[in-house]
Amino acid sequence: MLPSQDNAAPSAALGEFLVICLCAEWCGVCREYRSGFEEVARQFSAAGFLWLDIEAHADDLGDLDVDDFPTLLIKRQDRVLFYGSMLPASGHLKRTLAAFLQQTDAESREYAVSSAARRAWQDDEDLRRLGQALRQVGA
């Protein structure tokens, strides 16, 4: 089982990449997507994965608004590489994460500021903070 914010025991996989799925227990799409998310987590040991229920952990989200499910946050160290909704098919996450894992650190730094939206993610304290406590525990 993936760590949730309730039982966020860091694993050896909690390295420089972190994937956080922002979902809600009441959402049927989220419940169906979770097994695929967990399967991707098993396939990518180079990344840490966290399932975060937005209602149970609303205080952790700060001012973030989650409008669509699933919403994913993918970070490399403290850089936000992706934030947004994704079709609830694990193949989309798998391809996206595989592409990020192939980037060098320098390529990720460049990618993170390559558009106005991505630059805004880097300045969003709520996005940057999500998962930080878990990362510090695992360090």
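Analyst: This is a predicted model. Start with Lys-75, which is buried but has no salt bridge.

User: How do you know that Lys-75 has no salt bridge?

Analyst: A salt bridge needs a side-chain nitrogen of Lys or Arg within 4 Å of a carboxyl oxygen of Asp or Glu. For Lys-75, the nearest side chain of opposite charge is Asp-78, 8.1 Å away. Therefore no salt bridge is counted for Lys-75.

User: What does the side chain of Lys-75 reach instead?

Analyst: It reaches the backbone oxygen of Arg-128, at 2.6 Å. The cut-off for a polar contact is 3.5 Å.

User: Where is Lys-75, and which residues is it in contact with?

Analyst: Lys-75 is found in strand 3, residues 71-76. Beyond its neighbours within four places in sequence, its contacts include Glu-16, Phe-17, Leu-18, Val-80 and Leu-127. Leu-18 also stands opposite Lys-75 in the strand pairing.

User: What makes strand 1 and strand 3 a pair?

Analyst: Pairing takes at least two bridges. Strand 1 and strand 3 have six, so they count as paired. The sense is antiparallel.

User: How do you know that strand 1 also pairs with strand 2?

Analyst: The same test applies. Seven bridges join strand 1 and strand 2 (residues 47-53), in the parallel sense. Val-19 stands opposite Phe-49 in strand 2.

User: Why is strand 1 called mostly covered?

Analyst: Strand 1 spans residues 17-23, and seven of its seven residues are buried. Phe-17, Val-19, Cys-21 and Cys-23 point one way. Leu-18, Ile-20 and Leu-22 point the other way. Both sets are buried.

User: How many salt bridges does the structure hold?

Analyst: It holds eight. One of them joins the side chains of Glu-39 and Arg-42.

User: Why is the contact of Glu-39 and Arg-42 called a salt bridge?

Analyst: The limit is 4 Å. Here the N to O distance is 2.9 Å, so the pair qualifies. Both residues lie in helix 1, three residues apart, about one turn of the helix.

User: Are Glu-39 and Arg-42 buried, partly exposed or exposed, and why?

Analyst: Buried means under 20% relative accessible area, and exposed means over 50%. Glu-39 is at 33%, so it counts as partly exposed. Arg-42 is at 57%, so it counts as exposed.

User: What makes Asp-105 and Arg-79 a salt bridge?

Analyst: Their closest N and O atoms are 2.4 Å apart. The pair links distant parts of the chain, with Asp-105 in helix 4 (residues 105-112) and Arg-79 in strand 4 (residues 79-85), 26 residues apart. Arg-79 is at 12% relative accessibility, so it counts as buried. Asp-105 is at 26%, so it counts as partly exposed.

User: How do you know that Asp-126 and Arg-129 are about one helical turn apart?

Analyst: They are three residues apart in helix 6, residues 125-129. Asp-126 is buried because its relative accessible area is 13%. Arg-129 is partly exposed because its value is 34%.

Definitions and conventions
Residues are numbered from 1 along each chain as its sequence is written. This is a predicted model: local features need pLDDT of at least 70, side-chain atom pairs count only at pLDDT 80 or more; totals for chains, interfaces and linings use all residues. Side-chain values use heavy atoms; hydrogens and water are left out. Helices (H or I, at least four residues) and strands (E, at least two) are DSSP runs, numbered from the N terminus. Buried means under 20% relative accessible area, exposed over 50%, partly exposed in between (1.4 Å probe, protein chains only). Lys and Arg count as positive and Asp and Glu as negative; His and the chain ends are not counted. A polar contact is a pair of N or O atoms within 3.5 Å; within protein, one must be able to donate a hydrogen and the other to accept it, and residues adjacent in sequence count only if both atoms are side-chain atoms. Contact means heavy atoms within 4.5 Å.
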